[in-house]
Amino acid sequence: MTVDALTDVAGLRVGHATRTGDGWLTGTTVVLAPEGGAVAAVDVRGGGPGTKETDALDPRNVVQKVEAIVLTGGSAYGLDAATGVMAWLEEQRRGVRVGPDPAHVVPVVPAACVFDLGRGGDFRARPDAGTGRAAVEAAAASEAGGAVREGCVGAGTGATVGLVKGGIGTASTVLESGITVAALVVANAAGSAVEPGTGALYGELSHGLVNLPEAHVHEAARRRLAEIADTNAPPPPLNTTLAVVATDAGLTKAQAQKLAGTSHDGIARAVRPVHLLNDGDTVFALATGERALDADPLALNDVLAAGADMVTRAIVRAVRAAEPVNGPGGAWPSYGELYGG
């Protein structure tokens with residue numbers, strides 16, 4: 001049985017730590033690999049990323065597997081969350097063995113951040129090592145193959161997409177070969193997910209949506225967004241969509257890097273514009289290796305195509321799952337509030 005989430009890739013777990021109220025609107029999300037790690041890669045397309053340990057994922061470098069990926073709010077400050085994840089992994093003796101004692105490990109914990117500073121009202125309310133520990137502990141305590149909370153949780157707590165609320169979304173598929181491909185996304189973009197002429201979501205249009213919002217609904221939504229644009233303080237032009245794309249296929253680091261790269265197409269189908277100089281758009285890829293990939297080099301193509309599709313679907317689900325926010329840091333209606341189901 002599948003749950004249409006990243007956790008459909010056997011062995012992966014997801015945990016969120018969420019902080020709201022008293023000036024907070026932020027959080028951290030951790031993707032925990034099976035014990036022993038997963039092959040990992042990354043592709044950074046945004047011109048203004050905030051990342052940690054991404055160089056270790058270069059196929060030319062020595063690290064082959066990682067134990068966890070951290071996605072966090074708090075801009076570059078929030079990368080401190082990875083320290084808490086490292087500490088927890090060290091206690092579990094999970095990481096790169098560097099000495100004779102099994103406790104002598106160095107956990108490699110790649111991380112990336114989104115900009116959400118001040119959206120809860122307090123610029124200094126941002127994730128730290130304690131937030132990261134809470135998220136990885138939540139992941140470890142979660143049920144194998146369990147559902148993943150979406151919307152305004154974890155790293156998506158303070159996320160926005162244009163003038164509407166963003167958040168966390170996830171999706172999965174099983175290919176004809178039996179290989180599972182899944183994605184988890186933090187949708188937080190200066191660009192829009194909404195096609196301005198109709199009010200439809202770009203990501204749904206790319207998958208053949210035919211039931212467009214009614215004209216009067218779209219006009220009311222446009223008026224509401226115009227009012228918000230006039231009353232909100234102008235947001236800084238900072239834009240980041242983060243994703244973890246995972247598969248149970250046996251991939252090399254080079255193949256995983258190709259998967260991370262092509263999965264960026266899924267962002268471009270769902271958010272416009274993307275990959276600008278002030279973006280931090282980053283996609284990680286994880287491969288657990290539970291299923292063999294066909295020896296034909298072109299067998300990877302199905303995985304690549306599915307990765308991009310799952311990212312698009314996850315962004316749509318993030319926007320649809322988000323709840324409106326109206327607080328001291330600003331007002332962001334949800335897509336559901338504006339357009340209904």
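Reader: How many aromatic pairs does a search of the whole structure find?
Author: This is a predicted model, in which local features need pLDDT of at least 70 and side-chain atom pairs pLDDT 80 or more, whereas totals for chains, interfaces and linings use all residues. Residues are numbered from 1 along each chain as its sequence is written, and side-chain values use heavy atoms, without hydrogens or water. With rings of Phe, Tyr and Trp (its six-membered ring) pairing if their centres lie within 6.5 Å, the search of the whole structure finds a count of one.

Reader: At what distance from the ring centre of Y77 does the charged end of R126 sit?
Author: A charge sits over a ring if NZ of Lys or CZ of Arg is within 6 Å of the centre and within 35 degrees of the ring normal. R19 lies in this way over the face of W24, at 3.8 Å from the ring centre. The charged end of R126 sits over the ring of Y77, and its distance from the centre is 3.5 Å.

Reader: Which strands stand at the edges of the open sheet of six strands?
Author: The order of the sheet is 5-3-15-14-13-12, with mixed pairing; strands are DSSP E runs of at least two residues and helices H or I runs of at least four, and two strands pair if they share at least two bridges. Each edge strand has a single partner, so one of its sides is left without a neighbour in the sheet, and these strands are strand 5 (65–66) and strand 12 (167–174).

Reader: Which strands does helix 6 touch?
Author: Helix 5 (residues 253–270) packs on the sheet and touches strand 3 (38–44), strand 14 and strand 15 (282–291), where contact means heavy atoms within 4.5 Å. Helix 6 (residues 300–321) also packs on the sheet, and the strands that helix 6 touches are strand 12, strand 13 and strand 14.

Conventions. Rings of Phe, Tyr and Trp (its six-membered ring) pair if their centres lie within 6.5 Å; planes under 30 degrees apart count as stacked, over 60 as edge-to-face and the rest as tilted. Axes are lines fitted to C-alpha atoms, for helices over the stretch in contact, and angles run from 0 to 180 degrees between N-to-C directions.
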